Amino acid sequence: ARYRTGAVARMVRMPAATLRVWERRYAVARPQTTAAGHRLYSASDVQRLVLVKQLTEVGHAIGAIAALDMAGLREVAAIHVGASAQTGVVPPPPPSTPAARAWRVVVIGPALGRRLQRPEVLDGLGCPLACVASFDSLAAASASAPRSGRAGVDALLVHQPSLQRGLVEPLQAVARSLGAAATALLYSHASQPVCDALGAAGVALLRAPQSDAALAQWLSTLCRPPLVDAISTARNTPAAATTLVAPAPVLPRRYDDATLADVAALSSTLGCECPRHVAELLMQLSSFEAYSIECARLSAADPKDAALHGHLRQVAGASRALFETALERVAVHEGLVLPMI
């Protein structure tokens with residue numbers, strides 16, 4: 001895929017004029033040029049520009065890093081992250097981004113606990129992570145969990161390289177004692193009957209080895225409330241009780257309309273137009289979500305009407321979050337860089 005200057009400028013979130021100055025003065029990117037004089041950037045060009053821009057935003061001079069290759073740029077970024085960790089300096093979130101509730105988890109397996117601290121996993125997760133407790137084994141968790149007093153966690157995350165028969169019941173017992181809303185298990189070897197039994201018990205499974213990006217993408221599907229659950233809950237909730245139920249938090253948008261329009265306009269290596277359709281659906285869902293919020297505000301004097309529009313906003317927000325995850329999967333397949341809001 002090749003992208004023109006305007007699309008790249010919006011993906012990287014910088015003025016097109018600055019992009020041209022960087023090319024002319026520092027040779028940060030070397031895009032192809034068409035016969036008509038249009039610059040065409042590759043996905044690797046865009047990734048390089050994103051990294052260079054991020055480094056300049058934290059204080060690195062463009063002239064000092066422009067000549068570095070991707071390996072050198074990543075090394076500088078790693079040094080910066082390490083220095084920030086040592087000094088305890090954590091950059092504040094953008095003022096326009098609402099603070100998301102932390103995803104509270106209990107982790108079984110020291111290797112998984114360490115991986116959950118890696119930047120690529122935390123960035124890909126899409127929400128803050130709070131490790132409530134960590135255990136070396138399922139047996140240790142089983143012995144400690146009933147006395148821990150830590151109930152009501154969002155997820156029980158388990159790393160167990162080899163899965164054997166008889167695992168379902170002790171795993172479910174630990175999950176119940178913790179009040180875990182979801183249980184996920186990362187494994188390397190298991191027979192199909194064992195996997196089938198765990199799947200039937202509602203345990204999410206992922207076979208290792210997996211990259212940090214794939215692990216984050218898998219976990220992100222667990223920390224976002226599924227639309228099916230939201231609809232099922234709404235159907236089983238009596239109408240009279242609707243106004244008494246506190247709405248679940250809706251995750252903020254991750255992509256603005258400009259980014260989605262760029263994705264919709266890009267050529268795809270897929271033999272269909274699914275990327276464009278996903279981007280367009282996201283724009284429609286975001287628009288309806290905003291419309292529902294305004295309707296709820298205008299109908300504040302009528303509690304039933306306001307509750308209905310609040311529910312519509314919840315459904316639209318949950319749908320949008322699911323399709324944002326789908327768009328990220330498309331982006332990984334297509335080699336795209338999606339700048340978040």
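Strands β5 (residues 155-159) and β6 (residues 182-187) run side by side in this predicted model, pairing in the parallel sense over five bridges; two strands pair if DSSP finds at least two bridges between them. As for the names, helices (H or I, at least four residues) and strands (E, at least two) are DSSP runs, numbered from the N terminus.

A word on how to read the values: residues are numbered from 1 along each chain as its sequence is written, and side-chain values use heavy atoms, with hydrogens and water left out. Since the model is predicted, local features need pLDDT of at least 70 and side-chain atom pairs count only at pLDDT 80 or more, while totals for chains, interfaces and linings use all residues.

Back to the sheet. Five strands make up an open, parallel sheet in the order β4-β3-β5-β6-β7. At its edges sit β4 (129-135) and β7 (203-207), each pairing on one side only. Neighbouring strands are turned by 20 degrees against each other on average, direction ignored.

Contact means heavy atoms within 4.5 Å.

| Helix | Lies across | Angle |
|---|---|---|
| α9 (residues 168-178) | β3 (103-108), β5, β6 and β7 | about 145 degrees to β5 |
| α10 (residues 192-200) | β6 and β7 | about 140 degrees to β7 |

Next, a helix pair. Helix α13 (residues 257-265) packs on helix α14 (residues 274-298) at an angle of about 160 degrees, with the axes 8 Å apart. That makes α13 and α14 roughly antiparallel to each other (the label goes to angles over 145 degrees). On the α13 side the contact is made by D257, L260, A261, V263 and A264, and on the α14 side by P275, R276, A279, E280, L282 and M283. Sorted by type, the contact residues come out as eight nonpolar, no polar and three charged.

Finally, α1. Six of the eight residues of helix α1 (residues 5-12) are buried, so α1 is largely enclosed by the rest of the structure; buried means under 20% relative accessible area with a 1.4 Å probe, protein chains only. The buried ones are T5, A7, V8, A9, M11 and V12. Their cover includes α2 (16-26), β2 (39-40), α3 (43-57) and α13. Just after α1, R13 takes a positive phi of about 65 degrees.

Technical notes. Axes fitted to C-alpha atoms, helices over the stretch in contact; angles between N-to-C directions. Parallel < 35°, antiparallel > 145°, perpendicular 65-115°, else oblique. Nonpolar A, V, L, I, M, F, W, Y, C, P; charged D, E, K, R; others polar. Buried < 20%, exposed > 50% of the residue type's maximum accessible area, 1.4 Å probe, protein only.
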